[in-house]
Amino acid sequence: HDGGAGDRLDGDDRAAIRALGEACEVFWLTGNHDPDAIDGIGGHIADEAALGPLTLRHISRPGARDEITGHLHPVASIARRGRRLRRRCFVSDGSRLVMPAFGAYTGGLDIAAAPFRQMYGDNKLSVWMLGRDKVYRVKSSLAIRPAP
């Protein structure tokens with residue numbers, strides 16, 4: 001998630017990543033924080049990649065369809081048993097999917113925030129929240145509310 005990440009890779013980790021790239025076709029998609037490739041890890045570097053009818057890219061394009069992105073790092077909150085539960089989540093309108101951040105470095109943007117409203121408008125959304133051991137589908141009416 002930054003330009004110096006490659007310099008901090010342990011030798012064994014670098015070798016494991018390179019071996020993965022030799023065993024299968026790997027694409028590294030550039031993003032706003034990491035626009036350049038990391039030397040010596042193999043794979044293809046691209047701004048986006050087509051996977052059948054899907055386009056994989058870091059940041060969604062206005063009006064795009066059939067894409068998977070990650071830039072917004074979605075999180076959702078629900079009230080459960082008198083407690084507020086906030087978790088990373090996947091969010092989709094059936095044509096576009098935004099993936100959550102999986103690392104500890106990035107925060108999260110609530111799916112009730114303006115960027116999601118601008119992206120999805122009034123479309124019905126599907127929300128899948130990450131639990132400790134599995135992913136849970138959540139009614140969007142429970143998850144899409146402004147944070148207090």
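Let's start at one side chain: Phe90 counts as buried, because its relative accessibility is 18% (buried means under 20% relative accessible area, exposed over 50%, partly exposed in between, with a 1.4 Å probe and protein chains only). Keep in mind that this is a predicted model, where local features need pLDDT of at least 70, side-chain atom pairs count only at pLDDT 80 or more, and totals for chains, interfaces and linings use all residues. Residues are numbered from 1 along each chain as its sequence is written, and side-chain values use heavy atoms, leaving out hydrogens and water.

Now for the ring partner. The count comes to one aromatic pair (rings of Phe, Tyr and Trp, the latter by its six-membered ring, pair if their centres lie within 6.5 Å; planes under 30 degrees apart are stacked, over 60 edge-to-face, the rest tilted). Phe90 and Phe102 make up this tilted pair, at 6.2 Å centre to centre and 55° between the planes. Phe90 sits in strand 7 (residues 83-92) and Phe102 in the loop between strand 8 (96-98) and strand 9 (109-110), so the pair ties together parts 12 residues apart in sequence. Phe102 counts as exposed, because its relative accessibility is 55%.

Stepping back, the protein chain holds three helices and 11 strands (DSSP runs numbered from the N terminus: H or I of at least four residues for helices, E of at least two for strands). Their order along the sequence is α-β-β-β-β-β-β-β-β-β-α-β-β-α. The C-alpha atoms fill a box of roughly 50 × 35 × 25 Å along the principal axes, and 32% of the 148 residues count as buried.
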